[in-house]
Amino acid sequence: MQTLTIYNSLTNKKEIFKPLKEGYVGMYVCGPTVYSNVHLGNVRTFMSFDMIYRYFLHLGYKVRYVRNITDAGHLTDDSDEDKISTKARLEKLEPMEIVQRYTVDFHQILQKFNLIPPSIEPTATGHIVEQIEAIKTILENGLAYEVNGSVYFDVLKYNETENYGILSKRKIEDAIENTRVLEGQSDKKNPQDFALWKKAEPKHIQRWDSPWGIGFPGWHLECTVMSTKYLGEQFDIHGGGMDLKFPHHECEIAQSQACNHVAPVKYWMHGNMLTMNGKKMSKSTGNNILPNEIFTGDNKNISKAYTASVVRFFMMQAHYRSILDFSDDAILASEKGYNRLMEAVNLINNLKPSSSSSIDIKKWKQQCYDAMNDDFNTPILIANLFEGVKFINLINDGKESLTIEDLNKFKTTIDTFVYDVLGLENNADGADNSNKLGGVVEILLQLRKEARENKDWALSDRIRDELIALGIQLKDGKEGTTFSVG
RNA sequence: GGCGUCAUGGCCGAGUGGCUAGGCUGGGCUCUGCAAAAGCUCCCACAGCGGUUCGAAUCCGCUUGACGCCUCCA
């Protein structure tokens, strides 16, 4: 098995990946709060971890991948109302109607981007009982307190024996000095304390009974409870967006320690933000683009529509830990690169084997693995794949050669990384009408060929130019004319 | 204000103490009726100022700038 290194946010270093149990990987990724449509920035994080999931699977690990749906308890501010309920009141819908609508949207969008569904996708509302049990345990361990029907985690007390700030590298002393004083926090002993259970006011729609009265769980708790339930008190990888590092993931660590007295996660992984116009995409600021707007081209930031595969390729061209800026120029360039890659991938089936190989395929293949083994470096992988594109074109031109064994190895490796690991899809052979279209174009190519034999350049050029206007690119080669649909 | 990350060629984006990133764009050549495609090739960058070093864009310090977190956020 390949030696894989992963950048661990807990230590800020690349570390060799060693699973807790040989051959198995437990991975938890914070999912969306389903109160509105997922925007492209949300998608990036899930796509990054999908790539990581895919690579583990390819390496032969048995992976249990858990990604939650937050459908309750996500506090917006100190108004005692959570996001789901606020939206529900606004639209006069049942909370679960909102949850259902945006959960379906989330699944549909991710499917379009060819993300593999996780092994388990638990919901917060489905784990209220477990959350209440966890609160009881934390109370028993003396690290939480009850005030007016709410329960808060006692951060200062926890920090006496443990390190609150171990992940985010914050010092609690600094936090105390710099925390803004907000209204309505009088229930808390300290501003740093966070809610485990919040009392529900009568106007609050989502509510559950508990030993502390009617209320709803705090946001941080669900991930602790669900990751523990499905992956154990300790598991290999916890992922999420960079913006969740503090306070969410810091709180998760504290809660797990308070319950189970062990560090829950071996490798913390954080995907970086997608920006647009240099600023983070986010729902609240409106600086975002929705996937459906990209598929239709209906957004002022883009000049045309782009397919999900092109967007996926665009994102894979950047490292998951780097900020990536979305722009029309950038994605336009990616689209061209994607098309070039896919044309070569299609061409590989036509290559003829030779009696000897002029290219070291084994070395090239290992370079692909080396890239992925270095903290999932997809940009380097793609650079190597373009090296492969060059090989394909040269072999096709008869300038390089591969034996049948090498050719098969080459083809398998290309397919593995392009389809299985990067999760790209080949739009050309995915279209139902491609066969019919191909037949029609073949007729035109025949006509053009006859025109050219008669030196009727006016006609042959007209056929070529009108086809290209429709996005059909002709390529004249020694053995006839081929075409590609752009 | 506090903490942190990053500053790479026309654009997007990797990476490394001395050796090619890659994609897109632009120039040249081969091929072609002319093109396109493909191949070859050119433009060879690393914010600024100091320091360490035989050697730094890569390590250290300072300056400037951008972004992220500190409040819900992938």
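Colleague: Which residue stands opposite G215 in β8?

Modeller: K199 stands opposite G215. Keep in mind that this is a predicted model.

Colleague: How do I read the pairing around that spot?

Modeller: Strands of a sheet pair through backbone hydrogen bonds, either parallel or antiparallel. Here β7, residues 194-199, pairs with β8 in the antiparallel sense. Three bridges join the two strands.

Colleague: What is the strand order of the open sheet of four strands?

Modeller: The order is β5-β6-β7-β8, and the pairing is antiparallel. The edges are β5 (144-147) and β8 (215-217). Each has a single partner strand, so one side of each is left without a neighbour in the sheet. On average, neighbouring strands are turned by 20° against each other, direction ignored.

Colleague: Which helix packs on the sheet?

Modeller: Helix α4, residues 128-140. This helix touches β5, β6 (150-153), β7 and β8. The direction of α4 makes about 120° with that of β7.

Colleague: And how do I read a helix pair?

Modeller: Two packed helices are described by the angle between their axes and the distance between the axes. Take α1 (residues 40-58) and α10 (residues 308-316). They pack at about 75°, with axes 11 Å apart. Angles of 65 to 115 degrees count as roughly perpendicular, so α1 and α10 are roughly perpendicular to each other.

Colleague: Which residues make the contact?

Modeller: From α1 come L40, R44, M47, D50, M51 and R54. From α10 come V311, R312, M315 and M316.

Colleague: How many of the contact residues of α1 with α10 are nonpolar, polar and charged?

Modeller: Six are nonpolar and four charged, with no polar residues.

Methods. Residues are numbered from 1 along each chain as its sequence is written. Chains are lettered from A and ligands numbered from 1 in the order in which they are written. This is a predicted model: local features need pLDDT of at least 70, side-chain atom pairs count only at pLDDT 80 or more; totals for chains, interfaces and linings use all residues. Side-chain values use heavy atoms; hydrogens and water are left out. Two strands pair if DSSP finds at least two bridges between them. Axes are lines fitted to C-alpha atoms, for helices over the stretch in contact, and angles run from 0 to 180 degrees between N-to-C directions. Contact means heavy atoms within 4.5 Å. Angles under 35 degrees count as roughly parallel, over 145 as roughly antiparallel, 65 to 115 as roughly perpendicular and the rest as oblique. Ala, Val, Leu, Ile, Met, Phe, Trp, Tyr, Cys and Pro count as nonpolar, Asp, Glu, Lys and Arg as charged, and the others, Gly among them, as polar.
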